[in-house]
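Q: I've got a model open and want to learn how to read a few of its features. Can we go through them together?

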Amino acid sequence: MGESIGSTIPSIIELLFGKTVENLSCDDVKALVENKVVESPRLEFKAVSEDVAEGKLAEIIMRSTVGFLNSDVGEGILILGIRGKERAEELACIPRKLLGRNKDVAESKLRNWVFSYLASIPLMITPPRLIVKVFDCRECGLEDPEGWIALIYVKRTFDALYYLSLIHI
């Protein structure tokens, strides 16, 4: 959880950004918008307004995560804080009130949601690989700096059918 991907096959992060997750910066995320990168089965962008409920944000995250895990390749990146239909159009910070005022708290909350709301058939023996990286919008030089941009990478490590456990949301 939170470690390097460390496999010999390049991950979608390395293919998309040309570097490991540890070396990513807000500038790399901004480049997706500048280049109008198109969503794919392994890459999704989501933005939410301040009035969205925390449970709804968790559901949005989990629907994408489950989709990535159940795909043929079993991996994907969800970037929270990019607005656009099918392509990256603009950065739109996730409000701090939804994820917390501290970067570590925000990363921890996102990790906890994935591991709390994810279930599988058969029961997973090993959890999926999960990497969460949160950027402070102030680092990104945005006009509305009170929020976060978050990258959530997930990769299947156990062959199962994954689903969203609605019991917790």
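Q: What is the torsion about the S-S bond of Cys-26 and Cys-140, and is the disulfide right-handed or left-handed?

A: Quick ground rules: this is a predicted model, where local features need pLDDT of at least 70, side-chain atom pairs count only at pLDDT 80 or more, and totals for chains, interfaces and linings use all residues. Residues are numbered from 1 along each chain as its sequence is written, and side-chain values use heavy atoms, with hydrogens and water left out. A disulfide here is a pair of cysteine sulfur atoms within 2.5 Å. For Cys-26 and Cys-140 the torsion is about 100 degrees, so the disulfide is right-handed. The pair bridges distant parts of the chain, 114 residues apart: Cys-26 sits in helix 2 (residues 26-34), and Cys-140 in the loop between strand 7 and strand 8 (147-155). Their S to S distance is 1.4 Å. Helices (H or I, at least four residues) and strands (E, at least two) are DSSP runs, numbered from the N terminus.

Q: Are Cys-93 and Cys-137 buried or exposed?

A: Go by relative accessible area: buried is under 20%, exposed over 50%, partly exposed in between (1.4 Å probe, protein chains only). Cys-93 and Cys-137 are both buried, and Cys-26 and Cys-140 are buried too.

Q: Which residues of helix 5 are buried?

A: In helix 5 they are Ala-106, Glu-107, Leu-110, Arg-111, Trp-113, Val-114 and Tyr-117. They span an arc of only 165 degrees around the axis, so they lie on the same side of helix 5. The arc is taken from the directions from the helix axis to the C-beta atoms.

Q: Which residue caps the N-terminal end of helix 5?

A: Asn-102 does, with a side-chain oxygen 2.7 Å from the backbone nitrogen of Asp-104.

Q: Where is Asp-136, and which residues is Asp-136 in contact with, leaving aside its neighbours within four places in sequence?

A: Asp-136 belongs to strand 7 (residues 129-136) and is buried, at a relative accessible area of 9%. Contact means heavy atoms within 4.5 Å. Leaving aside neighbours within four places in sequence, Asp-136 touches Arg-96, Pro-145, Gly-147 and Trp-148.

Methods: A polar contact is a pair of N or O atoms within 3.5 Å; within protein, one must be able to donate a hydrogen and the other to accept it, and residues adjacent in sequence count only if both atoms are side-chain atoms.
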